[in-house]
Amino acid sequence: MNYPSDGNDTIPTDFDDVVQQVSTGSLAHQKIDELLREAHERYSDVDDGLLAHYIPILGHADPDLFAIAMSHVGGSVHEVGDCQHEFSIQSIAKMFVYALVVQEHGREVVRERIGVNNTGMPFNSVMAVELNNGHPMNPMVNAGAIATTEMIPGRTSAKKWENVRAGLSAFAGRQLTLDDDVYASESESNERNKAVGRLLKSYRRIEGDPLAAVDVYTRQCSLNVTAYDLAVMGATLADGGVNPVTGQRVVDADVCRDTLAAVATSGLYEHSGDWLFEIGIPAKSGVSGGIVAIAPGKGAIGAFSPPLDIAGNSVKAQLAIGHLSRAMGLNLFASAPEKSLLAKAGRG
C-alpha cells in the first residue's frame, strides 16, 4: 500500500510549492472556479491511499471519484468534479451533531460531559476512555460522538434520530436521507462501538440505553450527502449559524465558535495537529472519503475522494484543501506586514 508523504504518518503536503496568500478580510471569490479546477486537475491522478474495507460496503467505493465544492458565506456555491455524487457522511456528522447539542444544552454542560481535548489515539480507541477515567475527551472521536448523540433531545430513540436528521438537513439546506445499505453494513460490523457505548454507560457518561445511543449514532453516520452539501453545511458554521443558501438560522454564532474550536483540535483524529500546522483551518473528515474545512467568516470547502491515509482521512481531499487554503489565503495563522499588503493592492 502507498500512503502519502513517503509512507509516514503525517498528512500529505504536495502543495508546498503553492504560495501562501494572506487574506484577513472577506473572501475574494472572483477566481474560485479557476482555483477549484486547478486543484482538481492537479490531484486527480493521485492514487495513494486505501478504501475503508473495515466497513464492508465502503470497500466497494469507486476510488476514482473526486469532488471539490466551495460555499461562500454570501450564498454562492462553486463546484468541480463529482459534486453531486452521494456518499455517507460518516464521522463528519459528529461536528454538526455536536453543534446541535451545544445549542440545546449550553457549552459548559457539554464540555463537562464530553470534553474538548485531543486523545492522541485512533478515533475508535477504547484505551483513551479507560486512561481518562471514562471521560470521552472530545466529541470528534467515536466515544465522544456516541455520548454527544445520546444528549440529542428526544424521549425515544426514534425521536432522537428524527431530531438528528432534521438538524443535519437544516445545515445542508435540503432533506437528507438514510442510506439503508450503509446503515445495515455498519450495524453488522460495529461491535467495537457497542463496546464503547457500554463502557461509557459504566462510567455514567451515558444516561440511557447505550446500544440505543450507538444505533442513532450509526444512523447519523449513514446519512447521504454530497461534496456540495458539505460545503453548504460548513459554510453555515462559517456564517455564524445561518445557512447562506436558505437563509435559515440553524444554531447561534457562539455555538459555531465553540464547534470550530473543538474541530480544530481533533477534526482529523491523530493527525489534527499536523493538519492545523500545515493548512490552518478547522476541518472534519469521514472514512467514506469526505472532508469539510471551514474558514470562519468566509466560507467552507467540501471535498470527496474515497481512498484514505493511515489515519482514515481522504488523501486527495486533504491535498485539494491544502492547495486551496494556501492559494486563497484561508490559513487562520497566516499574516503579512500591512505595508506589504497595501503595496500589492497598489496603495503603497
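Does Phe96 count as buried or exposed, and at what relative accessibility? In this predicted model, local features need pLDDT of at least 70 and side-chain atom pairs count only at pLDDT 80 or more, whereas totals for chains, interfaces and linings use all residues. Residues are numbered from 1 along each chain as its sequence is written, and side-chain values use heavy atoms, with hydrogens and water left out.

Phe96 counts as buried because its relative accessibility is 0%, where buried denotes under 20% relative accessible area, exposed over 50% and partly exposed the range in between, for a 1.4 Å probe and protein chains only.

The structure holds two aromatic pairs, a pair being rings of Phe, Tyr or Trp (its six-membered ring) whose centres lie within 6.5 Å, with planes under 30 degrees apart counted as stacked, over 60 as edge-to-face and the rest as tilted. The rings of Phe87 and Phe304 are stacked, because their centres are 3.9 Å apart and their planes lie at 5°. This pair links distant parts of the chain, joining Phe87 in strand 3 (residues 87-88) to Phe304 in strand 7 (residues 299-304), 217 residues apart; helices (H or I, at least four residues) and strands (E, at least two) are DSSP runs numbered from the N terminus. Both Phe87 and Phe304 are buried.

Phe96 and Phe171 form a tilted pair, with 4.9 Å from centre to centre and 55° between the planes. Here too distant parts of the chain are linked, with Phe96 in helix 2 (residues 93-105) and Phe171 in helix 6 (residues 157-172), 75 residues apart. Phe171 is buried, its relative accessible area being 0%.
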